[in-house]
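Please keep the sequence and the model in view while reading.

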Amino acid sequence: MMAGKSSSKLKYVNAIPLSDLPKPGGAVGAVVGGLDVCIAVGTDGLIYALGGKAPPTGTPLKDGKVGKKNHQGRAVRHRVQP
């Protein structure tokens, strides 16, 4: 039995206004389409969108900072200690 064609279409939505974009090295949280996300700007100026919670602890990623890249070339989030 073959599956029929899916009628769902990809839809892009704005997460935050450009004026709310953080400075390089910073991050902000947002709820987009019902999902908790973190919008981060790397020190290299690249913009990243990722899930808003750290997997092991559930703490908000927006409370960290964007630091150096890891060995795979991806931005690394660092938790800010109080």
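## Terms and basis

Two strands pair if DSSP finds at least two bridges between them. Strands (E, at least two residues) and helices (H or I, at least four) are DSSP runs, numbered from the N terminus.

The model is a predicted one, in which local features need pLDDT of at least 70 and side-chain atom pairs count only at pLDDT 80 or more, whereas totals for chains, interfaces and linings use all residues. Residues are numbered from 1 along each chain as its sequence is written, and side-chain values use heavy atoms, with hydrogens and water left out.

## Overall composition

The chain has 0 helices and 5 strands, which gives the pattern β-β-β-β-β along the sequence. Of its 82 residues, 22% are buried; buried means under 20% relative accessible area, exposed over 50%, and partly exposed in between (1.4 Å probe, protein chains only).

The accessible surface of the chain is about 6,600 Å², and carbon and sulfur atoms account for 59% of it. Such areas come from the Shrake-Rupley method with a 1.4 Å probe, and for residues only the protein chains shown count as cover. Among contacts between residues at least 6 apart in sequence, 18% join residues at least 24 apart, where a contact means heavy atoms within 4.5 Å.

## Confidence of the prediction

The predictor's confidence in each residue is expressed as pLDDT, from 0 to 100. The chain averages a pLDDT of 76, and 70% of the residues score at least 70. Among the elements of the chain, E1 has the highest mean pLDDT (91), while strand E5 (residues 75–78) has the lowest (48). Over residues 75–82 the pLDDT is below 50, although this stretch has 31 contacts in the model beyond near neighbours in sequence. Where pLDDT is low, the predicted coordinates should not be read in detail.

## The three-stranded sheet

An open sheet is formed by 3 strands in the order E1-E2-E3, with antiparallel pairing. Strand E1 (27–32) and strand E3 (47–51) stand at the edges; each has a single partner strand, so one side of each is left without a neighbour in the sheet. Neighbouring strands of this sheet are turned by 30 degrees against each other on average, direction ignored; axes are lines fitted to C-alpha atoms, for helices over the stretch in contact, and angles run from 0 to 180 degrees between N-to-C directions. In general, strands of a sheet pair through backbone hydrogen bonds, either parallel or antiparallel.

E1 and E2 pair in the antiparallel sense over 6 bridges. Gly-29 stands opposite Cys-38 in E2, and Val-32 has Leu-35 in E2 as its bridge partner. The hairpin of E1 and E2 has 2 residues between the strands, and Gly-33 there takes a positive phi near 60 degrees.

Strand E2 (residues 35–41) pairs with E3 in the antiparallel sense over 5 bridges. How many residues of E2 are buried? The number is 5 of its 7 residues, and the strand is mostly covered.

Ala-27 is found in strand E1 and counts as buried because its relative accessibility is 16%. Ala-27 and Cys-38 lie 11 residues apart in sequence and 6.6 Å apart in space, C-alpha to C-alpha.

Pro-24 is placed in the segment before E1 and, at 56% relative accessibility, counts as exposed. Leaving aside neighbours within four places in sequence, Pro-24 is in contact with Val-41, Gly-42 and Thr-43. Pro-24 and Val-41 are 17 residues apart in sequence, yet 4.9 Å apart in space, C-alpha to C-alpha.

## Salt bridges

The structure holds 2 salt bridges, each defined as a side-chain nitrogen of Lys or Arg within 4 Å of a carboxyl oxygen of Asp or Glu. One of them joins the side chains of Asp-36 and Lys-53 (3.7 Å, N to O). This pair links distant parts of the chain, 17 residues apart: Asp-36 is in strand E2, and Lys-53 is in the loop between E3 and strand E4 (65–69). Asp-36 is partly exposed at 35% relative accessibility, as is Lys-53 at 45%.

Asp-63 and Lys-62 also meet through their side chains in a salt bridge (3.2 Å, N to O). Asp-63 is partly exposed, with a relative accessible area of 34%, and Lys-62 counts as partly exposed at 40% relative accessibility.
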